[in-house]
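Hi,

Here is the structure I said I would pass on. Have a look at it first, and then read my notes below.

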Amino acid sequence: MSNDIEIKPLTAKKIDDFFYYLNDHISDNGKDNSPLFLPISRNDLRIPEELIDSFRDGQSVSIDKLGWRRVFIAINEKNDIIGHIDLKSHSQNYTSHRAVMGMGVHRDYRKMGLGYLLIKSIVSWAKNETAIEQIDLWVLSKNRPAIRLYNKLGFFKIGEIEDMFRIDGVSLDYIMMSKKIEKTVANNQ
C-alpha cells in the first residue's frame with residue numbers, strides 16, 4: 001500500500017465527493033460474479049435516501065446519543081476518495097458501549113491492504129477517542145474475502161441468520177461478527 005494514502009475523518013467539504021464515491025462503490029455490488037457485499041439487488045444499485053440522511057445527519061450527533069455516525073475516508077495523492085469506514089450507534093437504547101461498522105474500498109484499491117488499514121484506523125480511533133468497548137458488523141455469508149479480513153483482524157462470528165435475504169433469486173445468510181476493543185489501562189504507580 002502506498003504511503004501517499006491518508007485516512008482522515010469525513011468533513012462537510014468532502015461530503016458530496018463521498019456520496020459520489022459511495023454511489024460508484026455500490027455499483028460494484030455483485031458485479032462480474034463477485035459476492036454481494038450489500039444486501040441489495042444488482043438491479044437496485046443506488047444509495048437509499050435514508051442512508052444518505054444517516055451519513056449526513058449522524059456526523060453531528062454526539063457519540064453518547066442514538067443516531068450518531070462517524071466516517072473516515074481514505075484519500076489518494078490526487079485527493080480522490082478510495083475507501084471508507086464508518087462506525088454508527090446501534091438503534092436501541094443501552095447500547096452506547098457498542099458500535100456497528102461498515103466499510104468499502106474502491107475497485108482499483110482492493111486486495112492491496114487498504115481494508116486492513118481502514119479497520120486498524122477505526123479500531124484505534126474507537127480505542128483512544130471513545131468509550132466503545134465492542135465493534136459489531138454484519139456480513140453476507142457468501143462474502144468470503146470480507147469474512148477472512150475480519151477474522152484476520154480479530155472479529156469473530158457471534159451469530160448467523162439463515163435465509164435472511166432472497167436477492168435476485170438467491171437465498172443469503174447474514175453473519176454477525178464482533179470484536180472487543182482492548183482499552184489500555186493506565187499504570188498508576
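Let me start with a salt bridge: the side chains of Arg46 and Asp44 meet at 3.4 Å, N to O. By salt bridge I mean a side-chain nitrogen of Lys or Arg within 4 Å of a carboxyl oxygen of Asp or Glu. Arg46 is partly exposed at 46% relative accessibility, and Asp44 is partly exposed too, at 36%. For those words I used a 1.4 Å probe on protein chains only, with buried meaning under 20% relative accessible area, exposed over 50%, and partly exposed in between.

Before you go further, please keep in mind that this is a predicted model: local features need pLDDT of at least 70, side-chain atom pairs count only at pLDDT 80 or more, and totals for chains, interfaces and linings use all residues. Residues are numbered from 1 along each chain as its sequence is written, and side-chain values use heavy atoms, with hydrogens and water left out.

How many salt bridges does a search of the whole structure find? It finds 10. One of them joins Asp24 and Arg107, whose side chains meet at 2.8 Å, N to O. Asp24 lies in helix H1 and Arg107 in the loop between strand S4 (98-105) and H3, so this pair ties together parts that are 83 residues apart in sequence.

Lys157 forms a salt bridge with Glu160, and their closest N and O atoms are 2.5 Å apart. Lys157 comes out partly exposed at 47% relative accessibility, as does Glu160 at 34%.

**Strands and the crossover**

Strand S3 (residues 81-88) pairs with S4 in the antiparallel sense over 6 bridges; two strands pair if DSSP finds at least two bridges between them. In that pairing, Gly83 stands opposite Val105 in S4. S4 also pairs with strand S5 (residues 134-140), this time in the parallel sense and over 3 bridges. Arg98 has Gln134 in S5 as its bridge partner. The chain crosses from S4 through H3 to S5, and this β-α-β crossover is right-handed. In other words, with the strands pointing away from the viewer, the path from the first strand over the helix to the second runs clockwise.

H3 itself covers residues 114-129, 16 residues in total, and reaches 22 Å from its first C-alpha to its last. That is close to the 22 Å expected at 1.5 Å a residue, the expected span being 1.5 Å times one less than the number of residues. Which residues of H3 are buried? They are Leu114, Gly115, Leu118, Ile119, Ile122, Val123, Trp125 and Ala126.

Ser41 is in the loop between helix H1 (15-26) and helix H2 (49-58). Is Ser41 buried or exposed? At 19% relative accessibility, Ser41 counts as buried. Its side chain makes a polar contact with the side chain of Asp168 at 2.6 Å. A polar contact is a pair of N or O atoms within 3.5 Å; within protein, one must be able to donate a hydrogen and the other to accept it, and residues adjacent in sequence count only if both atoms are side-chain atoms. Leaving aside neighbours within four places in sequence, Ser41 is in contact (heavy atoms within 4.5 Å) with Ile167 and Asp168.

Asp168 lies in the loop between S6 and strand S7 (170-180) and is partly exposed at 36% relative accessibility. Its phi is near 50°, a positive value in a residue other than glycine. Asp163 has a positive phi as well, near 55°. Asp163 is found in strand S6 (residues 156-167) and is partly exposed, with a relative accessible area of 31%.

**One last pair**

Asp16 lies in helix H1 and counts as exposed at 56% relative accessibility. The C-alpha atoms of Asp16 and Gln134 are separated by 30 Å, and the two residues are 118 residues apart along the chain.

Best wishes

Notes:
Helices (H or I, at least four residues) and strands (E, at least two) are DSSP runs, numbered from the N terminus.
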